[in-house]
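These are my notebook entries on one protein chain. I began with the overall fold and then turned to a single residue.

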Amino acid sequence: MLVGLTACAQTAQGVAKDTKDNTSAVRGGIETVDVKRALIADKTIDSGAIDVDTYQDKKVVVLRGSVPTEAQKQKAAMIAKDHAKSYTIDNQLAVVPK
């Protein structure tokens with residue numbers, strides 16, 4: 001009987017951990033979608049070559065890809081910061097003039 005209780009306790013802990021991990025992944029995904037949607041909505045940024053990745057466990061949003069001007073790179077970072085308020089923004093966008 002003791003073995004059964006121990007196994008149930010371990011299973012419950014596993015389920016709780018999996019639930020927490022899945023919740024974090026969903027929250028990170030929501031931040032990614034919010035930032036990407038805001039970048040697309042801003043018509044002053046050429047967002048077609050911007051990738052947004054969110055790392056919930058580290059509370060970091062990473063912008064990768066390219067934009068044609070330094071001003072667009074800075075604006076993209078500001079938009080990301082506005083839409084992922086509790087996250088650090090890692091702006092890795094390259095400026096590649098057209």
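Which unit do S2, H2 and S3 make? I found that S2, H2 and S3 form a right-handed β-α-β unit; a crossover is right-handed if, with the strands pointing away from the viewer, the path from the first strand over the helix to the second runs clockwise.

**Basis.** I worked from a predicted model, in which local features need pLDDT of at least 70, side-chain atom pairs count only at pLDDT 80 or more, and totals for chains, interfaces and linings use all residues. Residues are numbered from 1 along each chain as its sequence is written, and side-chain values use heavy atoms, with hydrogens and water left out.

**Fold.** I noted 2 helices and 4 strands in the chain, in the order α-β-β-α-β-β along the sequence. Helices (H or I, at least four residues) and strands (E, at least two) are DSSP runs, numbered from the N terminus.

**Strand pair.** I looked up S2 (residues 60–67) and S3 (residues 88–91), which run parallel and are joined by 4 bridges. Two strands pair if DSSP finds at least two bridges between them. Opposite valine 62 I found aspartate 90 in S3.

**Lysine 73.** I located lysine 73 in helix H2 (residues 70–83). Lysine 73 is buried, with a relative accessible area of 18%; buried means under 20%, exposed over 50%, partly exposed in between (1.4 Å probe, protein chains only). Leaving aside neighbours within four places in sequence, lysine 73 is in contact (heavy atoms within 4.5 Å) with Val67, Asn91, Leu93 and Val95.

**Whole chain.** I recorded that buried residues make up 29% of the 98 residues.
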